[in-house]
Amino acid sequence: MDVRRFEELLDLRGDDLAAWPLDERTEALELVLTSPAASACLDAARRLRAAFAEPVPPAPAGLTDRIFAKAFALPRRHAAG
C-alpha cells in the first residue's frame with residue numbers, strides 16, 4: 001500500500017483502523033509505522049473527526065436578520081447585456 005491508497009482508504013473507511021478489513025488494516029499499520037507521510041495523514045484524519053465531534057455553538061440572536069439586512073442593503077449590479 002502506498003500513501004495515496006492509504007489516503008483513499010482513510011476517506012472511505014475512516015480513521016479507526018481497527019474497523020478496517022484485516023488485510024487492509026495490516027498493510028495500513030505497516031505503512032503508518034514506516035511512513036511519516038502516512039502517519040501525518042492518519043493524525044490529520046483523527047484531528048478532523050475530533051473537530052467535527054465538538055458541539056456547534058448556537059448562532060447569536062438576530063444573526064440571520066442582520067445577514068439578510070446587509071445583503072439587501074448592498075447595491076445591486078446589473079449584468080451587461
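**Helix packing and the nonpolar core**

The axes of helix 1 and helix 3 come within 10 Å and cross at roughly 15°; axes here are lines fitted to C-alpha atoms over the stretch in contact, with angles running from 0 to 180 degrees between N-to-C directions. Helices are DSSP runs (H or I, at least four residues), numbered from the N terminus. Because angles under 35 degrees count as roughly parallel, helix 1 is roughly parallel to helix 3. On the helix 1 side, the contact (heavy atoms within 4.5 Å) is made by Val3, Phe6, Glu7 and Leu10, and on the helix 3 side by Ala37, Ala38, Cys41, Leu42 and Ala45. This model is predicted, so local features need pLDDT of at least 70 and side-chain atom pairs pLDDT 80 or more, while totals for chains, interfaces and linings use all residues. Residues are numbered from 1 along each chain as its sequence is written, and side-chain values use heavy atoms, without hydrogens and water.

The largest nonpolar core has eleven residues, among them Phe6, Leu17, Trp20 and Leu42. Such a core is a set of buried Ala, Val, Leu, Ile, Met, Phe, Trp, Tyr and Cys residues joined through side-chain atoms within 4.5 Å. Apart from neighbours within four places in sequence, Leu17 is in contact with Phe6, Arg25, Ala28, Leu29 and Leu42.

The cut-offs are under 20% relative accessible area for buried, over 50% for exposed and in between for partly exposed (1.4 Å probe, protein chains only).

How values were computed:
Helix = DSSP H or I, 4+ residues; strand = E, 2+ residues; numbered from the N terminus. Parallel < 35°, antiparallel > 145°, perpendicular 65-115°, else oblique.
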